[in-house]
Amino acid sequence: MAEENMEQSSDEMRDQLIELLETKQYSKLRHEVADMNEADIAAVMDSMEDEESLKMFRILPKDLAADVFPMLEVDDQKYIIMQLSQKEASNIIDNLMADDATDLLEEMPANVVKKILANASPETRKDINHLLQYPDDSAGSVMTVEFVDLREEMTVQDAIDRIRKIGLDSETINVCYVLDNKRVLKGTVALRYLLIMPQDALIGKIMNDNVISVTTMTDQEEAAQLMQKYDFTVMPVVDKENRMVGIITIDDVVDIMQEEATEDIEKMAAIIPSEKPYLKTGIFETFRKRIPWLLLLMISATFTGAIITSYENALAKYVVLTAYIPMLMDTGGNAGSQASVSIIRGLSLQEIKFRDLFRVVWKEIRVAFCCGVTLAVVNFFKLLLLDRISAEIALIVCLTLVCVVLFSKTIGAILPMVTDRMGFDPAVMASPLITTIVDAVSLSIYFALATHILHIVT
């Protein structure tokens, strides 16, 4: 109920702001947004058309606009930046954290980036150029270079003075990093320790020297998993010589996990991943993302038709066999999907390794046997009592069920693990492809049992 009320309140607020915008009551609109949270304003702007969003952005007070901008969708940010003057755009870039500014500029044409950076501050240009050199999906590409650095010889009072000096321009001050003269990471100090320790205590004496970090080339998903494992809100990023170059914060991790989860879901649905929200993606682009796998799966499904054709005699003599083909194929596909999704998730969370292959397969075989037998028993009585077919046909269908579930769950467990071991994304071996394989095998088993038990000559 609370969520419904919140959603209703959000819709009402959006409608109210749009009405003020359309009726050109700009003073009242500026007054209304002054007390709103930046995230709420960004959510309203994301739901608007591009022209309305731009008009809304121009009406916002300068400081509020700078806070709202990083929270907008990338497409909205890009549109607004493209409509602003070079000076206005450069001011926006200067007010963004370096990692957010880099993400935005990566989406823009090179000539536009060049003009914006030409008007940006030298420090901003340096930070952005530094981040642009790292590969996509690496820790270096998502880190920010704004952090508080200290020295071992500083006192607690010196450290607090430094935080006061540079804290506003830092991504976070909750954790400070102790570096030597060559910027090699030596330790960390939490802000709460600085507040409770004596003012003359040396940083080198109170710092934590057991530091966990990632390198600039570490995969962003691995960095996110490490932060989750150690319950960190911020992770230091170092180069190959252990010199500190940046930090990854918890807001970056949330974005990474959402991005990776979305990518896996799209791959499991046989869709080429897209970085844009659904409503922001054009029809032709959506078509291009979906059609390749549909073509591949359609062609592979022709094997299923070939199998049915090769058993025409069996189907002609026992037409009733045809009625249970959809049920067997669907059950096999569902069983395989259950196994594959569980394994892919386990691989993603690093709960399962390739060395666990035999343990996983043995477990899935036992689960499959229990599921297959249960389905077969229930189905056997249903076939005899409700469908009123012969015991021979019921036996064929139920034996096929057991075999299909066993095969489906086994192949659903093996394929993702082997794919991951080969260095490919296991998500591509999820539901669609496994279902296609299972369909062909299900029919082969079904007709093989039918010809053997019913003595049909094919």
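This is a predicted model: local features need pLDDT of at least 70, side-chain atom pairs count only at pLDDT 80 or more; totals for chains, interfaces and linings use all residues.
What is the order of the three strands in the open sheet with mixed pairing?

**Stop 1**

Select strands 1, 2 and 3. They form an open sheet in the order 1-2-3, and the pairing is mixed. Now look at the edges. Strand 1 (149–150) and strand 3 (185–190) each have a single partner strand, so one side of each lacks a neighbour in the sheet.

Next, select residues 175–179, which make up strand 2. Strand 2 runs antiparallel to strand 3, and five bridges join the pair.

**Stop 2**

Select residues 234–238 for strand 5. Strand 5 pairs with strand 6 in the antiparallel sense, over five bridges. Highlight Val-234 and then Thr-249 in strand 6: these two are bridge partners.

**Stop 1: helices 4 and 6**

Select residues 50–59 for helix 4 and 74–83 for helix 6. Their axes lie 10 Å apart, at an angle of about 65°. The two helices are therefore roughly perpendicular, as angles from 65 to 115 degrees count as such. The crossing is right-handed.

Show side chains at the contact. From helix 4, take Asp-50, Glu-51, Ser-53, Leu-54, Phe-57 and Arg-58. They meet Asp-76, Tyr-79, Ile-80 and Gln-83 of helix 6. Colour by class, and this contact of helix 4 with helix 6 splits into four nonpolar, two polar and four charged residues.

**Stop 2: helices 20 and 21**

Select residues 357–387, helix 20, and residues 391–421, helix 21. How far apart are the axes of helix 20 and helix 21? They are 8 Å apart, and the packing angle is about 155°. Angles over 145 degrees count as roughly antiparallel, and helix 20 and helix 21 are therefore in that arrangement. Their crossing is right-handed. By class, the contact between helix 20 and helix 21 holds 26 nonpolar, three polar and two charged residues.

Methods:
Residues are numbered from 1 along each chain as its sequence is written. Side-chain values use heavy atoms; hydrogens and water are left out. Two strands pair if DSSP finds at least two bridges between them. Helices (H or I, at least four residues) and strands (E, at least two) are DSSP runs, numbered from the N terminus. Axes are lines fitted to C-alpha atoms, for helices over the stretch in contact, and angles run from 0 to 180 degrees between N-to-C directions. Angles under 35 degrees count as roughly parallel, over 145 as roughly antiparallel, 65 to 115 as roughly perpendicular and the rest as oblique. A crossing is left-handed if the near helix is turned anticlockwise from the far one by less than a right angle, and right-handed if clockwise. Contact means heavy atoms within 4.5 Å. Ala, Val, Leu, Ile, Met, Phe, Trp, Tyr, Cys and Pro count as nonpolar, Asp, Glu, Lys and Arg as charged, and the others, Gly among them, as polar. The expected span of a helix is 1.5 Å times one less than its number of residues.
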